[in-house]
Protein chains: 2
Amino acid sequence: MIWLNGRLRAGGTVDVADRGLLLADGLFETIAVFGGRPFRLADHLARLDRGAALLGLSFDRDRLAAGIAALAATLGGGHGALRATVTRGPGPRGLLPPDQPQPTLLVTAAPWSRQPVGAAISLATVTLRRNDRSPLAQVKSLAALEQILALGEARKAGADDALLLNTAGRVACTAMANLFVVIDGLLVTPPLADGVLPGVMRGLLDATERSLLPADLARADAVFATNSLRLVMPVGRLDGRPLAGGGQAAAALAVIRQAIQAECGCDPLA
Amino acid sequence: MIWLNGRLRAGGTVDVADRGLLLADGLFETIAVFGGRPFRLADHLARLDRGAALLGLSFDRDRLAAGIAALAATLGGGHGALRATVTRGPGPRGLLPPDQPQPTLLVTAAPWSRQPVGAAISLATVTLRRNDRSPLAQVKSLAALEQILALGEARKAGADDALLLNTAGRVACTAMANLFVVIDGLLVTPPLADGVLPGVMRGLLDATERSLLPADLARADAVFATNSLRLVMPVGRLDGRPLAGGGQAAAALAVIRQAIQAECGCDPLA
């Protein structure tokens, strides 16, 4: 079941002139649903709003929110993973948007899996650098091809995910998650200016923002990654070398589980 | 008229699960057709091949070429602008491609206009930097949102196009074209390593590759931009200041017109 431009339906298509397809001209959000309730929906919609402001893209936010609610309701009170996509809709040839865009609004659903939550992952540092000199680094845009390439390079190196450095050589994120380290008892995460997406799970953790170098990961007491579906993942290895363990990833996961309990009325890991 | 996955048709759609739509996982080429004949088609297909190799994307190149020929044939021997798009096709949720991708092959046509050919343009330097630390900078991928943002910023500044610097502050390109300067009688263009797309028109001109700083544009005897549809555009202003004129843009256009005459048997500007 999907929701497309106002209607629930079994499946759907978009026009070949859609700028989302042709030029990655759009945004998306990945939203976990626990017990039938989207988790931190307001945060996801707020991030979408900030991205739309950057792109100069006007869309009917209430209509999209209704679509998210409609598709969440089809999950029968269970868990799921929604993806909300907004494109600038069809347009003529070329980079310039049409004068009166008709955005495409799409919500799709996939099963949510508890299996990767809290499971240790390995990272490989990839050659591709995250562009901290582009405002798109702080926006969840449809232009996700760099992350696909980064993930592919990491998988070829035998790792689960990529460590992405920015153009200054600082730690930015993984291909699919924000990064946190514990150094001298302090929970630290890179600042947005280092080319970091303002992750919704990242926003739930009380951390100090500070630029990190790759060597900081090696000397940290703990390294973990966060995203909206996998919640918290301890990073057990970097470029084949083990990283320090530590209970801080478990503590971060406990914070997020409490927030889920408070907002969605259930514990998806229970 | 479009050509989609093997068939000419009046219009068409792609599945909402297409990775081109969801993740910019694909490539495209913009190909001018003069007198019914695609210009430098082999160069465009070769660039597509290099991009596909980078992405690990296998597609039926002969089938796409047949689609380009079929759509070019609908132009009745006239001029046109074709766009060939290849995506990795539909996939499940997430960044990882499916094991057996079924690529989407699409060719669309638009009118070709002679009006912008040879017409002077103005550039505005934008804040967004071209990511020379990503291999995608040298590939014509679907992730064109940065170019859209750059063009939008330039238009807000009252210019026709953007001057994009790379993360090291060097000149890369405009939002839609390669850049050339004439300095001390030498035709110079930035090297691919500076975050430059290997433009097909760029490949037709005999230029020295050398990194350029913004100040080099101001002191140059001529500055011009090239792309596959507008061919050659003199750059008359940068950030509101006039740039030197010069006959070299006209000379470059003459070279390209001769190549069109030789390959397509016509002069679209005659």
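**Strand β9 of chain B and the two copies**

Visitor: In which sense do strand β8 (residues 121-125) of chain B and β9(B) pair, and over how many bridges?

Guide: This is a predicted model, in which local features need pLDDT of at least 70, side-chain atom pairs count only at pLDDT 80 or more, and totals for chains, interfaces and linings use all residues. Residues are numbered from 1 along each chain as its sequence is written, while chains are lettered from A and ligands numbered from 1 in the order in which they are written. Strands are DSSP runs of E of at least two residues, helices are runs of H or I of at least four, both numbered from the N terminus, and two strands pair if DSSP finds at least two bridges between them. L123(B) stands opposite D161(B) in β9(B), and β8(B) and β9(B) pair in the parallel sense, over 3 bridges.

Visitor: Which residue in the turn between β9(B) and β10(B) has a positive phi?

Guide: β9(B) pairs with strand β10 (residues 171-174) of chain B in the antiparallel sense over 3 bridges, and L165(B) stands opposite V171(B) in β10(B). The two strands form a hairpin with 5 residues between them, and the turn residue with a positive phi, of about 85°, is G169(B).

Visitor: How many of the 5 residues of strand β9 (residues 161-165) of chain B are buried?

Guide: A residue counts as buried if 20 or more other C-beta atoms lie within 10 Å of its own, exposed if 12 or fewer, and partly exposed in between, with C-beta atoms placed from the backbone. Strand β9 of chain B is largely enclosed by the rest of the structure, because the number of its residues that are buried is 5 of the 5.

Visitor: Which C-alpha of chain B is nearest the axis that relates the copies?

Guide: With copies superposed by least squares on the C-alpha atoms of residues with pLDDT of at least 70 in both, a rotation of 180° with 0.0 Å of shift along its axis places chain B on chain A at an RMSD of 0.0 Å. The two copies are thus related as by a two-fold rotation axis. At 1.9 Å from that axis, the nearest C-alpha in chain B is that of L21(B).
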